[in-house]
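Thanks for coming. I will walk through one structure, starting with the overall counts and then turning to its aromatic rings.

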Amino acid sequence: MRVRRLLAAAVAVAVAALSVLASRADAAAGAAPGYVAADLAVGVALAGAALVAAGATAERLLVAGAGAAWLAGSVFAEVRSLHQGMLLVALVAFPDGRIRGPVRVSLVAAAAVVAFGLVPQVGVAALFATVAAVALLGAARLRGAFPAAAGGVLASALLYAWWSGRHDAPVPPLAVYEAALLTVAAGFAVATRLVRRDAARLADTALGGGLSAGLPGLREVLAGLIGDPGLRIEMWDPVAERFRDPATGGARPAEQRPAFPVRDGGALVAQVVTGSRAMADPPTAAAVGTAVALAVANHRLREAHERHVAELEAARRRLLAVTDRERDRAAQALRTGVIAALDKAAAELARRDSSGTGPQLAALLDEAATELGLAAADVRRIVGGAPPLALGEGRLRAAVEALAAASPVPVAVRVDPTLAADAAVETALFYVCSEALTNVAKHAGGGRAWIDLRCVSGHVVLDVGDDGCGAADPRGSGLQGLADRLAAVGGRLAVTSPPGGGTVVTATVGLTSGSPPARPAVPAQPLPR
(Lines give C-alpha, C1' and ligand atoms only; values in the text may rest on other atoms or scores of the structure.)
Protein backbone atom coordinates (compact mmCIF):
# COMPACT_ATOMS: atom_id res chain seq x y z
CA MET A 1 0.00 0.00 0.00
CA ARG A 2 2.84 2.40 0.82
CA VAL A 3 4.56 1.69 -2.51
CA ARG A 4 1.33 2.43 -4.37
CA ARG A 5 0.97 5.74 -2.59
CA LEU A 6 4.51 6.71 -3.49
CA LEU A 7 3.89 5.78 -7.13
CA ALA A 8 0.67 7.81 -7.14
CA ALA A 9 2.50 10.82 -5.71
CA ALA A 10 5.26 10.45 -8.30
CA VAL A 11 2.73 10.28 -11.14
CA ALA A 12 0.92 13.37 -9.84
CA VAL A 13 4.14 15.35 -9.58
CA ALA A 14 5.31 14.27 -13.05
CA VAL A 15 1.96 15.10 -14.67
CA ALA A 16 1.85 18.48 -12.92
CA ALA A 17 5.34 19.33 -14.15
CA LEU A 18 4.59 18.17 -17.69
CA SER A 19 1.33 20.14 -17.67
CA VAL A 20 3.23 23.32 -16.93
CA LEU A 21 5.77 22.59 -19.65
CA ALA A 22 3.06 21.65 -22.15
CA SER A 23 1.04 24.81 -21.51
CA ARG A 24 4.13 26.96 -22.02
CA ALA A 25 5.04 25.11 -25.23
CA ASP A 26 1.50 25.49 -26.59
CA ALA A 27 1.45 29.18 -25.71
CA ALA A 28 4.85 29.72 -27.32
CA ALA A 29 3.51 28.06 -30.49
CA GLY A 30 0.64 30.57 -30.55
CA ALA A 31 -2.08 28.03 -29.72
CA ALA A 32 -5.49 29.30 -28.74
CA PRO A 33 -6.48 29.02 -25.07
CA GLY A 34 -9.14 26.44 -25.89
CA TYR A 35 -6.56 24.24 -27.63
CA VAL A 36 -4.24 24.53 -24.64
CA ALA A 37 -7.03 23.60 -22.22
CA ALA A 38 -8.05 20.57 -24.28
CA ASP A 39 -4.43 19.48 -24.60
CA LEU A 40 -3.94 19.59 -20.84
CA ALA A 41 -7.32 17.98 -20.18
CA VAL A 42 -6.39 14.86 -22.13
CA GLY A 43 -3.12 14.28 -20.31
CA VAL A 44 -4.57 15.02 -16.89
CA ALA A 45 -7.66 12.84 -17.61
CA LEU A 46 -5.56 9.81 -18.54
CA ALA A 47 -3.31 10.21 -15.51
CA GLY A 48 -6.26 10.92 -13.21
CA ALA A 49 -8.14 7.87 -14.50
CA ALA A 50 -5.13 5.73 -13.67
CA LEU A 51 -4.99 7.15 -10.14
CA VAL A 52 -8.68 6.54 -9.34
CA ALA A 53 -8.96 3.21 -11.16
CA ALA A 54 -9.02 -0.16 -9.41
CA GLY A 55 -6.95 -3.17 -10.34
CA ALA A 56 -3.35 -4.00 -11.19
CA THR A 57 -0.65 -1.39 -10.63
CA ALA A 58 1.10 -2.30 -13.89
CA GLU A 59 -2.04 -1.59 -15.92
CA ARG A 60 -2.64 1.72 -14.18
CA LEU A 61 0.98 2.78 -14.73
CA LEU A 62 0.60 2.13 -18.46
CA VAL A 63 -2.42 4.45 -18.67
CA ALA A 64 -0.76 7.08 -16.46
CA GLY A 65 2.32 6.83 -18.71
CA ALA A 66 0.11 7.42 -21.75
CA GLY A 67 -1.19 10.63 -20.14
CA ALA A 68 2.32 11.80 -19.34
CA ALA A 69 3.47 10.89 -22.86
CA TRP A 70 0.60 12.94 -24.35
CA LEU A 71 1.73 16.01 -22.40
CA ALA A 72 5.36 15.34 -23.27
CA GLY A 73 4.40 15.28 -26.94
CA SER A 74 3.50 18.96 -26.71
CA VAL A 75 7.02 19.70 -25.50
CA PHE A 76 9.07 17.24 -27.54
CA ALA A 77 7.89 16.51 -31.06
CA GLU A 78 9.92 13.30 -31.14
CA VAL A 79 7.61 11.54 -28.61
CA ARG A 80 4.23 12.57 -30.02
CA SER A 81 3.39 8.95 -30.89
CA LEU A 82 4.57 7.54 -27.56
CA HIS A 83 1.13 7.81 -25.96
CA GLN A 84 -0.36 5.66 -28.73
CA GLY A 85 2.17 2.90 -28.15
CA MET A 86 1.50 2.94 -24.40
CA LEU A 87 -2.27 2.90 -24.92
CA LEU A 88 -1.96 -0.05 -27.29
CA VAL A 89 0.00 -1.98 -24.66
CA ALA A 90 -2.49 -1.00 -21.94
CA LEU A 91 -5.44 -2.29 -24.00
CA VAL A 92 -3.63 -5.52 -24.88
CA ALA A 93 -2.72 -6.12 -21.20
CA PHE A 94 -6.09 -5.11 -19.73
CA PRO A 95 -7.04 -5.61 -16.92
CA ASP A 96 -4.01 -6.98 -15.03
CA GLY A 97 -1.11 -5.51 -17.01
CA ARG A 98 0.11 -8.92 -18.24
CA ILE A 99 0.82 -10.06 -21.78
CA ARG A 100 -0.25 -13.61 -22.64
CA GLY A 101 0.01 -15.57 -25.85
CA PRO A 102 1.95 -15.04 -29.06
CA VAL A 103 -0.76 -12.88 -30.64
CA ARG A 104 -0.67 -10.35 -27.83
CA VAL A 105 3.12 -10.39 -27.73
CA SER A 106 3.10 -9.54 -31.45
CA LEU A 107 0.70 -6.66 -30.81
CA VAL A 108 3.00 -5.31 -28.10
CA ALA A 109 5.95 -5.48 -30.49
CA ALA A 110 3.93 -3.53 -33.07
CA ALA A 111 3.02 -1.00 -30.36
CA ALA A 112 6.72 -0.42 -29.74
CA VAL A 113 7.17 0.47 -33.41
CA VAL A 114 4.20 2.85 -33.14
CA ALA A 115 5.71 4.52 -30.08
CA PHE A 116 8.76 5.56 -32.14
CA GLY A 117 6.53 7.20 -34.76
CA LEU A 118 7.42 4.72 -37.49
CA VAL A 119 3.82 3.80 -38.40
CA PRO A 120 1.44 6.11 -40.32
CA GLN A 121 -1.77 7.04 -38.55
CA VAL A 122 -3.90 4.85 -40.79
CA GLY A 123 -1.66 1.94 -39.77
CA VAL A 124 -2.08 2.91 -36.11
CA ALA A 125 -5.85 2.90 -36.65
CA ALA A 126 -5.61 -0.60 -38.11
CA LEU A 127 -3.58 -1.72 -35.11
CA PHE A 128 -6.16 -0.35 -32.64
CA ALA A 129 -8.88 -2.15 -34.62
CA THR A 130 -6.86 -5.39 -34.41
CA VAL A 131 -6.56 -4.99 -30.64
CA ALA A 132 -10.33 -4.53 -30.44
CA ALA A 133 -10.91 -7.71 -32.45
CA VAL A 134 -8.49 -9.74 -30.34
CA ALA A 135 -10.17 -8.49 -27.17
CA LEU A 136 -13.59 -9.53 -28.43
CA LEU A 137 -12.41 -12.99 -29.46
CA GLY A 138 -10.03 -13.78 -26.64
CA ALA A 139 -11.47 -12.33 -23.44
CA ALA A 140 -14.57 -12.95 -21.39
CA ARG A 141 -17.17 -10.63 -19.92
CA LEU A 142 -16.16 -7.01 -19.17
CA ARG A 143 -12.47 -7.84 -19.52
CA GLY A 144 -12.91 -7.93 -23.27
CA ALA A 145 -15.59 -5.25 -23.55
CA PHE A 146 -13.47 -2.25 -22.54
CA PRO A 147 -10.37 -2.86 -24.73
CA ALA A 148 -12.67 -3.72 -27.64
CA ALA A 149 -14.68 -0.51 -27.22
CA ALA A 150 -11.62 1.66 -26.56
CA GLY A 151 -9.74 0.21 -29.53
CA GLY A 152 -12.76 0.79 -31.76
CA VAL A 153 -13.19 4.41 -30.59
CA LEU A 154 -9.51 5.28 -31.14
CA ALA A 155 -9.40 3.50 -34.51
CA SER A 156 -12.49 5.43 -35.63
CA ALA A 157 -10.98 8.75 -34.51
CA LEU A 158 -7.72 8.07 -36.37
CA LEU A 159 -9.58 6.97 -39.50
CA TYR A 160 -11.61 10.18 -39.30
CA ALA A 161 -8.36 12.16 -39.14
CA TRP A 162 -7.05 10.25 -42.17
CA TRP A 163 -10.33 10.89 -44.04
CA SER A 164 -10.39 14.58 -43.10
CA GLY A 165 -7.01 15.05 -44.80
CA ARG A 166 -8.72 14.25 -48.09
CA HIS A 167 -12.10 15.90 -47.50
CA ASP A 168 -13.57 18.97 -45.85
CA ALA A 169 -14.14 17.78 -42.30
CA PRO A 170 -17.05 19.34 -40.39
CA VAL A 171 -15.20 18.86 -37.07
CA PRO A 172 -11.46 19.35 -36.57
CA PRO A 173 -9.83 15.92 -36.44
CA LEU A 174 -7.74 16.86 -33.39
CA ALA A 175 -10.90 17.66 -31.45
CA VAL A 176 -12.37 14.29 -32.41
CA TYR A 177 -9.18 12.49 -31.38
CA GLU A 178 -8.99 14.34 -28.06
CA ALA A 179 -12.63 13.51 -27.37
CA ALA A 180 -11.84 9.86 -28.08
CA LEU A 181 -8.92 9.95 -25.62
CA LEU A 182 -11.11 11.56 -22.95
CA THR A 183 -13.72 8.85 -23.51
CA VAL A 184 -11.08 6.14 -23.14
CA ALA A 185 -9.81 7.73 -19.91
CA ALA A 186 -13.29 7.82 -18.38
CA GLY A 187 -14.04 4.30 -19.62
CA PHE A 188 -10.82 2.95 -18.09
CA ALA A 189 -11.68 4.24 -14.61
CA VAL A 190 -15.18 2.75 -14.81
CA ALA A 191 -14.17 -0.54 -16.49
CA THR A 192 -11.53 -1.46 -13.91
CA ARG A 193 -14.07 -1.17 -11.11
CA LEU A 194 -16.68 -3.11 -13.06
CA VAL A 195 -14.12 -5.85 -13.71
CA ARG A 196 -13.34 -6.09 -10.01
CA ARG A 197 -17.05 -6.20 -9.15
CA ASP A 198 -17.62 -8.79 -11.89
CA ALA A 199 -14.91 -11.02 -10.43
CA ALA A 200 -16.42 -10.66 -6.96
CA ARG A 201 -19.88 -11.46 -8.34
CA LEU A 202 -18.52 -14.55 -10.10
CA ALA A 203 -16.95 -15.75 -6.85
CA ASP A 204 -20.15 -15.02 -4.91
CA THR A 205 -22.25 -16.86 -7.50
CA ALA A 206 -19.92 -19.85 -7.44
CA LEU A 207 -19.78 -19.92 -3.66
CA GLY A 208 -23.48 -19.31 -3.12
CA GLY A 209 -24.75 -21.63 -5.84
CA GLY A 210 -22.27 -24.48 -5.68
CA LEU A 211 -20.88 -25.05 -2.20
CA SER A 212 -24.16 -26.24 -0.72
CA ALA A 213 -24.30 -29.01 -3.34
CA GLY A 214 -20.65 -30.01 -2.94
CA LEU A 215 -18.14 -30.42 -5.74
CA PRO A 216 -20.68 -31.77 -8.27
CA GLY A 217 -22.92 -28.74 -7.70
CA LEU A 218 -19.99 -26.34 -7.94
CA ARG A 219 -18.88 -28.00 -11.17
CA GLU A 220 -22.32 -27.37 -12.68
CA VAL A 221 -22.28 -23.72 -11.55
CA LEU A 222 -18.76 -23.06 -12.86
CA ALA A 223 -19.50 -24.82 -16.14
CA GLY A 224 -22.38 -22.43 -16.69
CA LEU A 225 -20.48 -19.34 -15.56
CA ILE A 226 -17.47 -19.79 -17.83
CA GLY A 227 -19.29 -21.58 -20.65
CA ASP A 228 -17.66 -25.02 -20.60
CA PRO A 229 -20.02 -27.99 -20.08
CA GLY A 230 -17.03 -30.34 -20.02
CA LEU A 231 -15.34 -28.63 -17.06
CA ARG A 232 -13.97 -31.01 -14.42
CA ILE A 233 -12.74 -30.49 -10.87
CA GLU A 234 -10.09 -33.00 -9.83
CA MET A 235 -8.96 -33.29 -6.22
CA TRP A 236 -5.34 -33.85 -5.31
CA ASP A 237 -4.76 -37.07 -3.38
CA PRO A 238 -1.60 -36.51 -1.30
CA VAL A 239 -1.35 -40.21 -0.40
CA ALA A 240 -1.52 -41.53 -3.96
CA GLU A 241 0.18 -38.35 -5.27
CA ARG A 242 -2.24 -37.99 -8.15
CA PHE A 243 -5.44 -36.19 -9.06
CA ARG A 244 -8.79 -37.95 -8.81
CA ASP A 245 -12.19 -36.95 -10.12
CA PRO A 246 -14.83 -37.38 -7.38
CA ALA A 247 -17.62 -37.35 -9.99
CA THR A 248 -16.26 -40.49 -11.70
CA GLY A 249 -15.02 -42.37 -8.66
CA GLY A 250 -11.38 -41.59 -9.39
CA ALA A 251 -11.27 -42.41 -13.11
CA ARG A 252 -10.06 -39.59 -15.35
CA PRO A 253 -10.89 -39.12 -19.04
CA ALA A 254 -8.06 -39.83 -21.44
CA GLU A 255 -8.28 -36.54 -23.40
CA GLN A 256 -5.79 -33.82 -22.57
CA ARG A 257 -7.21 -30.38 -21.71
CA PRO A 258 -5.69 -27.35 -20.00
CA ALA A 259 -5.53 -27.76 -16.23
CA PHE A 260 -5.38 -24.87 -13.75
CA PRO A 261 -3.95 -25.74 -10.33
CA VAL A 262 -5.81 -24.64 -7.20
CA ARG A 263 -3.89 -24.00 -3.99
CA ASP A 264 -5.04 -23.39 -0.45
CA GLY A 265 -2.46 -21.73 1.73
CA GLY A 266 0.29 -22.72 -0.71
CA ALA A 267 -0.68 -26.40 -0.72
CA LEU A 268 -1.98 -28.00 -3.92
CA VAL A 269 -5.57 -29.16 -3.34
CA ALA A 270 -7.15 -29.54 -6.79
CA GLN A 271 -7.07 -28.58 -10.43
CA VAL A 272 -9.75 -27.25 -12.75
CA VAL A 273 -9.68 -28.93 -16.15
CA THR A 274 -11.30 -26.72 -18.77
CA GLY A 275 -10.73 -25.37 -22.24
CA SER A 276 -12.56 -22.11 -21.50
CA ARG A 277 -10.63 -18.98 -22.41
CA ALA A 278 -12.17 -17.27 -19.39
CA MET A 279 -9.63 -19.02 -17.16
CA ALA A 280 -6.84 -17.11 -18.88
CA ASP A 281 -8.16 -14.03 -17.12
CA PRO A 282 -6.49 -13.75 -13.65
CA PRO A 283 -9.51 -12.33 -11.77
CA THR A 284 -11.73 -15.08 -13.16
CA ALA A 285 -9.15 -17.74 -12.38
CA ALA A 286 -8.72 -16.35 -8.86
CA ALA A 287 -12.48 -16.34 -8.24
CA VAL A 288 -12.80 -19.91 -9.53
CA GLY A 289 -9.80 -21.00 -7.45
CA THR A 290 -11.29 -19.50 -4.28
CA ALA A 291 -14.59 -21.30 -4.83
CA VAL A 292 -12.90 -24.61 -5.65
CA ALA A 293 -10.54 -24.42 -2.66
CA LEU A 294 -13.47 -23.87 -0.30
CA ALA A 295 -15.49 -26.64 -1.97
CA VAL A 296 -12.58 -29.08 -1.67
CA ALA A 297 -12.14 -28.18 2.01
CA ASN A 298 -15.86 -28.76 2.59
CA HIS A 299 -15.71 -32.01 0.62
CA ARG A 300 -12.86 -33.32 2.74
CA LEU A 301 -14.62 -32.29 5.95
CA ARG A 302 -17.76 -34.05 4.71
CA GLU A 303 -15.77 -37.17 3.86
CA ALA A 304 -14.15 -37.16 7.31
CA HIS A 305 -17.56 -36.67 8.94
CA GLU A 306 -19.08 -39.51 6.92
CA ARG A 307 -16.18 -41.80 7.87
CA HIS A 308 -16.66 -40.88 11.52
CA VAL A 309 -20.41 -41.50 11.34
CA ALA A 310 -19.83 -44.83 9.57
CA GLU A 311 -17.36 -45.85 12.29
CA LEU A 312 -19.89 -44.90 15.00
CA GLU A 313 -22.65 -46.82 13.23
CA ALA A 314 -20.40 -49.85 12.90
CA ALA A 315 -19.49 -49.61 16.58
CA ARG A 316 -23.16 -49.34 17.53
CA ARG A 317 -24.01 -52.37 15.40
CA ARG A 318 -21.20 -54.35 17.03
CA LEU A 319 -22.39 -53.31 20.50
CA LEU A 320 -25.97 -54.31 19.70
CA ALA A 321 -24.79 -57.62 18.29
CA VAL A 322 -22.79 -58.36 21.44
CA THR A 323 -25.73 -57.33 23.65
CA ASP A 324 -28.13 -59.52 21.65
CA ARG A 325 -25.78 -62.50 21.82
CA GLU A 326 -25.42 -62.15 25.58
CA ARG A 327 -29.18 -61.75 25.99
CA ASP A 328 -29.86 -64.77 23.79
CA ARG A 329 -27.28 -66.79 25.70
CA ALA A 330 -28.87 -65.83 29.02
CA ALA A 331 -32.38 -66.54 27.70
CA GLN A 332 -31.30 -69.92 26.37
CA ALA A 333 -29.64 -70.74 29.69
CA LEU A 334 -32.87 -69.85 31.52
CA ARG A 335 -34.97 -71.91 29.11
CA THR A 336 -32.82 -75.03 29.24
CA GLY A 337 -31.74 -74.72 32.84
CA VAL A 338 -34.05 -72.85 35.17
CA ILE A 339 -37.38 -73.27 33.37
CA ALA A 340 -36.74 -76.94 32.61
CA ALA A 341 -35.74 -77.59 36.25
CA LEU A 342 -38.80 -75.75 37.58
CA ASP A 343 -41.11 -77.64 35.23
CA LYS A 344 -39.51 -80.94 36.20
CA ALA A 345 -39.85 -80.22 39.92
CA ALA A 346 -43.45 -79.14 39.51
CA ALA A 347 -44.24 -82.27 37.50
CA GLU A 348 -42.63 -84.53 40.11
CA LEU A 349 -44.64 -82.91 42.85
CA ALA A 350 -47.80 -83.31 40.80
CA ARG A 351 -47.07 -87.03 40.35
CA ARG A 352 -46.34 -87.67 44.03
CA ASP A 353 -48.13 -90.35 46.01
CA SER A 354 -50.02 -88.41 48.65
CA SER A 355 -51.69 -91.51 50.22
CA GLY A 356 -49.17 -91.66 53.05
CA THR A 357 -49.07 -87.98 53.81
CA GLY A 358 -51.18 -85.99 56.12
CA PRO A 359 -53.51 -83.29 54.90
CA GLN A 360 -51.27 -80.53 56.19
CA LEU A 361 -48.20 -81.81 54.32
CA ALA A 362 -50.25 -82.44 51.18
CA ALA A 363 -51.42 -78.83 51.26
CA LEU A 364 -47.85 -77.62 51.59
CA LEU A 365 -46.75 -79.80 48.66
CA ASP A 366 -49.62 -78.52 46.51
CA GLU A 367 -48.66 -74.94 47.37
CA ALA A 368 -45.02 -75.69 46.45
CA ALA A 369 -46.09 -77.12 43.09
CA THR A 370 -48.17 -73.99 42.44
CA GLU A 371 -45.29 -71.71 43.36
CA LEU A 372 -42.97 -73.65 41.09
CA GLY A 373 -45.43 -73.20 38.23
CA LEU A 374 -45.69 -69.47 38.91
CA ALA A 375 -41.91 -69.16 39.07
CA ALA A 376 -41.59 -70.96 35.74
CA ALA A 377 -44.22 -68.59 34.24
CA ASP A 378 -42.33 -65.55 35.56
CA VAL A 379 -39.09 -66.77 34.01
CA ARG A 380 -40.88 -67.42 30.72
CA ARG A 381 -42.13 -63.82 30.75
CA ILE A 382 -38.58 -62.60 31.35
CA VAL A 383 -37.20 -64.51 28.39
CA GLY A 384 -40.27 -63.90 26.27
CA GLY A 385 -38.75 -60.68 24.87
CA ALA A 386 -35.78 -62.57 23.46
CA PRO A 387 -35.99 -64.48 20.17
CA PRO A 388 -36.77 -68.17 20.73
CA LEU A 389 -34.33 -69.15 17.96
CA ALA A 390 -31.51 -67.72 15.86
CA LEU A 391 -33.02 -65.28 13.37
CA GLY A 392 -32.16 -64.54 9.76
CA GLU A 393 -33.04 -66.11 6.39
CA GLY A 394 -36.78 -65.89 7.02
CA ARG A 395 -36.92 -67.37 10.54
CA LEU A 396 -38.51 -64.12 11.75
CA ARG A 397 -41.95 -65.39 10.72
CA ALA A 398 -42.00 -68.20 13.29
CA ALA A 399 -40.66 -65.89 15.99
CA VAL A 400 -43.36 -63.27 15.31
CA GLU A 401 -46.07 -65.92 15.37
CA ALA A 402 -44.75 -67.10 18.73
CA LEU A 403 -44.94 -63.55 20.09
CA ALA A 404 -48.50 -63.19 18.84
CA ALA A 405 -49.50 -66.51 20.40
CA ALA A 406 -48.08 -65.46 23.78
CA SER A 407 -49.79 -62.04 23.78
CA PRO A 408 -52.74 -61.58 26.16
CA VAL A 409 -54.42 -59.48 23.42
CA PRO A 410 -55.64 -61.31 20.29
CA VAL A 411 -53.17 -60.64 17.48
CA ALA A 412 -53.73 -61.22 13.76
CA VAL A 413 -50.51 -61.96 11.85
CA ARG A 414 -49.73 -61.58 8.16
CA VAL A 415 -46.18 -62.24 6.95
CA ASP A 416 -44.89 -62.15 3.37
CA PRO A 417 -43.83 -65.77 2.68
CA THR A 418 -40.89 -64.56 0.55
CA LEU A 419 -39.44 -62.39 3.31
CA ALA A 420 -35.83 -63.22 4.17
CA ALA A 421 -33.40 -60.69 5.65
CA ASP A 422 -30.09 -60.96 7.45
CA ALA A 423 -29.86 -61.76 11.15
CA ALA A 424 -29.33 -58.19 12.35
CA VAL A 425 -32.38 -56.90 10.48
CA GLU A 426 -34.68 -59.72 11.58
CA THR A 427 -33.48 -59.34 15.17
CA ALA A 428 -34.23 -55.61 15.16
CA LEU A 429 -37.71 -56.22 13.74
CA PHE A 430 -38.36 -58.94 16.32
CA TYR A 431 -37.66 -56.48 19.15
CA VAL A 432 -39.95 -53.91 17.53
CA CYS A 433 -42.72 -56.53 17.54
CA SER A 434 -41.98 -57.55 21.11
CA GLU A 435 -41.91 -53.99 22.51
CA ALA A 436 -44.97 -52.90 20.51
CA LEU A 437 -47.04 -55.88 21.69
CA THR A 438 -45.94 -55.25 25.27
CA ASN A 439 -47.18 -51.65 24.94
CA VAL A 440 -50.47 -52.89 23.49
CA ALA A 441 -51.01 -55.15 26.49
CA LYS A 442 -49.97 -52.53 29.07
CA HIS A 443 -51.24 -49.21 27.70
CA ALA A 444 -53.48 -49.45 24.63
CA GLY A 445 -56.62 -50.74 26.32
CA GLY A 446 -57.82 -52.19 23.01
CA GLY A 447 -59.48 -55.43 22.12
CA ARG A 448 -57.24 -56.60 19.32
CA ALA A 449 -53.91 -56.03 17.56
CA TRP A 450 -52.30 -56.99 14.28
CA ILE A 451 -48.86 -57.56 12.79
CA ASP A 452 -48.20 -57.02 9.08
CA LEU A 453 -44.72 -57.90 7.79
CA ARG A 454 -44.06 -57.33 4.07
CA CYS A 455 -41.41 -56.51 1.46
CA VAL A 456 -41.70 -53.17 -0.37
CA SER A 457 -39.15 -52.05 -3.01
CA GLY A 458 -36.22 -53.94 -1.51
CA HIS A 459 -37.10 -53.01 2.08
CA VAL A 460 -38.88 -54.82 4.91
CA VAL A 461 -41.87 -52.97 6.34
CA LEU A 462 -43.35 -54.00 9.69
CA ASP A 463 -46.62 -52.64 11.08
CA VAL A 464 -47.78 -53.40 14.60
CA GLY A 465 -51.18 -51.83 15.29
CA ASP A 466 -54.02 -51.88 17.77
CA ASP A 467 -57.52 -50.45 18.17
CA GLY A 468 -56.82 -48.90 21.56
CA CYS A 469 -56.88 -45.36 22.92
CA GLY A 470 -53.97 -44.01 20.85
CA ALA A 471 -52.04 -40.89 21.91
CA ALA A 472 -48.78 -42.84 22.27
CA ASP A 473 -45.68 -40.71 22.83
CA PRO A 474 -43.02 -41.57 20.19
CA ARG A 475 -40.41 -39.89 22.40
CA GLY A 476 -40.94 -42.38 25.18
CA SER A 477 -37.97 -44.45 26.25
CA GLY A 478 -39.32 -47.70 24.80
CA LEU A 479 -40.13 -46.39 21.32
CA GLN A 480 -37.02 -44.21 21.23
CA GLY A 481 -34.92 -47.25 22.06
CA LEU A 482 -36.53 -49.11 19.17
CA ALA A 483 -35.83 -46.16 16.84
CA ASP A 484 -32.17 -46.22 17.90
CA ARG A 485 -31.95 -49.97 17.34
CA LEU A 486 -33.45 -49.64 13.85
CA ALA A 487 -31.12 -46.74 13.02
CA ALA A 488 -28.17 -48.98 13.82
CA VAL A 489 -29.17 -51.26 10.93
CA GLY A 490 -30.14 -48.41 8.59
CA GLY A 491 -33.85 -48.40 9.42
CA ARG A 492 -36.43 -45.89 10.58
CA LEU A 493 -39.38 -45.97 12.95
CA ALA A 494 -42.65 -44.08 12.56
CA VAL A 495 -45.53 -43.91 15.05
CA THR A 496 -49.09 -43.01 14.05
CA SER A 497 -51.24 -42.59 17.16
CA PRO A 498 -54.16 -40.13 16.99
CA PRO A 499 -56.11 -39.80 20.25
CA GLY A 500 -58.85 -42.40 20.29
CA GLY A 501 -57.73 -43.84 16.96
CA GLY A 502 -55.40 -46.61 18.01
CA THR A 503 -51.65 -46.84 17.42
CA VAL A 504 -49.60 -48.12 14.49
CA VAL A 505 -45.84 -48.57 14.86
CA THR A 506 -44.15 -48.80 11.44
CA ALA A 507 -40.57 -50.00 11.01
CA THR A 508 -38.83 -49.70 7.62
CA VAL A 509 -35.41 -51.24 7.03
CA GLY A 510 -33.34 -52.71 4.19
CA LEU A 511 -33.01 -56.44 3.68
CA THR A 512 -29.37 -56.22 4.78
CA SER A 513 -27.91 -54.34 7.72
CA GLY A 514 -26.46 -50.96 6.76
CA SER A 515 -28.60 -50.44 3.65
CA PRO A 516 -29.38 -46.79 2.87
CA PRO A 517 -32.16 -45.54 5.16
CA ALA A 518 -35.60 -45.62 3.58
CA ARG A 519 -38.48 -43.27 4.12
CA PRO A 520 -41.00 -44.72 6.56
CA ALA A 521 -43.71 -46.59 4.65
CA VAL A 522 -47.40 -45.81 4.84
CA PRO A 523 -49.00 -48.05 7.50
CA ALA A 524 -51.05 -50.92 6.16
CA GLN A 525 -54.79 -51.22 6.83
CA PRO A 526 -55.78 -53.19 9.94
CA LEU A 527 -56.00 -56.91 9.31
CA PRO A 528 -59.47 -58.47 9.39
CA ARG A 529 -60.57 -60.21 12.54
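**Overview and aromatic pairs**

The protein has 14 helices and 9 strands, where helices (H or I, at least four residues) and strands (E, at least two) are DSSP runs numbered from the N terminus. This is a predicted model: local features need pLDDT of at least 70, side-chain atom pairs count only at pLDDT 80 or more, and totals for chains, interfaces and linings use all residues. Residues are numbered from 1 along each chain as its sequence is written, and side-chain values use heavy atoms, with hydrogens and water left out.

Of the 529 residues, 40% are buried, meaning under 20% relative accessible area with a 1.4 Å probe, protein chains only.

Now the rings. Searching the whole structure gives 7 aromatic pairs. Rings of Phe, Tyr and Trp (its six-membered ring) pair if their centres lie within 6.5 Å; planes under 30 degrees apart count as stacked, over 60 as edge-to-face and the rest as tilted.

One of the pairs is Trp-70 with Tyr-177, tilted, at 6.1 Å centre to centre and 50° between the planes. Trp-70 sits in helix H3 (residues 57-75) and Tyr-177 in helix H8 (residues 173-210), so the pair links parts of the chain 107 residues apart. Trp-70 and Tyr-177 are both buried.

Phe-94 and Phe-146 have ring centres 4.9 Å apart and planes at 50°, so this pair is tilted too. Phe-94 lies in the loop between helix H4 (82-93) and helix H5 (101-115), whereas Phe-146 is in helix H7 (residues 142-164), 52 residues apart. Both are buried. Ring pairs also join Phe-94, Phe-146 and Phe-188 into a cluster.

Definitions and conventions:
Buried < 20%, exposed > 50% of the residue type's maximum accessible area, 1.4 Å probe, protein only.
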